Amino acid sequence: TKEAMYEVVQQCTQHLDPSRPIHLLGIGGIRDIIEGVSVGIDTFDCVHPTRLARHGGALVRPKHNPNPLREHINLRNSRYRHDHTPLEIDCPCYTCTTFTRAYVHHLFKAGEQLGQTLLSIHNARFMNRLTQAIRDSLEQDTFEKMREVWIGDTH
């Protein structure tokens with residue numbers, strides 16, 4: 001389970017030198033990264049954002065998700081056929097400032113690879129914004145507030 005993974009990672013980090021960078025390979029979910037940082041992980045490496053994009057998934061914060069318990073929306077879903085809003089209204093990426101959910105939905109339904117590219121651009125920028133928010137929250141001692149914004153709960 002995720003909870004067991006978090007526990008194992010926490011137990012392992014207790015035996016590592018905190019003055020050295022600690023890397024966790026293959027972990028790329030939003031909650032996973034935040035939980036990892038909370039126990040001392042410094043860097044992550046995962047294909048999650050681009051794999052998700054290839055299958056029509058756009059990473060979004062809870063306030064932009066009709067199902068705030070999920071970390072992404074599925075643009076293949078027909079609910080986005082007439083949704084003329086960006087993936088995230090406040091995201092500065094090329095995809096969000098140029099295209100709508102409806103257009104990306106259309107690209108996936110039409111089998112156009114541009115849909116995968118646009119979601120990869122968004123998801124990569126989303127992860128950059130997440131990691132910047134984490135760095136800022138650690139500097140400002142607002143980690144729990146940042147957690148709420150990015151995953152919608154405090155644990």
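Which ring does the charged end of Arg61 sit over? It's Trp150, with the charge 5.3 Å from the ring centre; for that label, NZ of Lys or CZ of Arg has to be within 6 Å of the ring centre and within 35 degrees of the ring normal.

Quick caveat before I go on. This is a predicted model, where local features need pLDDT of at least 70 and side-chain atom pairs count only at pLDDT 80 or more, while totals for chains, interfaces and linings use all residues. Residues are numbered from 1 along each chain as its sequence is written, and side-chain values use heavy atoms, leaving out hydrogens and water.

Okay, aromatics. Searching the whole structure turns up three aromatic pairs, meaning Phe, Tyr or Trp rings (six-membered ring for Trp) with centres within 6.5 Å; planes under 30 degrees apart are stacked, over 60 edge-to-face, the rest tilted. Tyr94 and Phe99 make an edge-to-face pair, 5.6 Å between centres and 80 degrees between planes. Phe99 is buried at 18% relative accessible area, and Tyr94 is partly exposed at 47%; buried is under 20%, exposed over 50%, partly exposed in between, with a 1.4 Å probe and protein chains only.

Back to Trp150: it pairs edge-to-face with Phe126, at 5.1 Å and 70 degrees. Both Phe126 and Trp150 are buried.

Last stop, His64. Why does His64 count as buried? Because its relative accessibility is 13%. Its neighbours, by heavy atoms within 4.5 Å, include Ile73, Leu87 and Arg101, not counting residues up to four places away in sequence.
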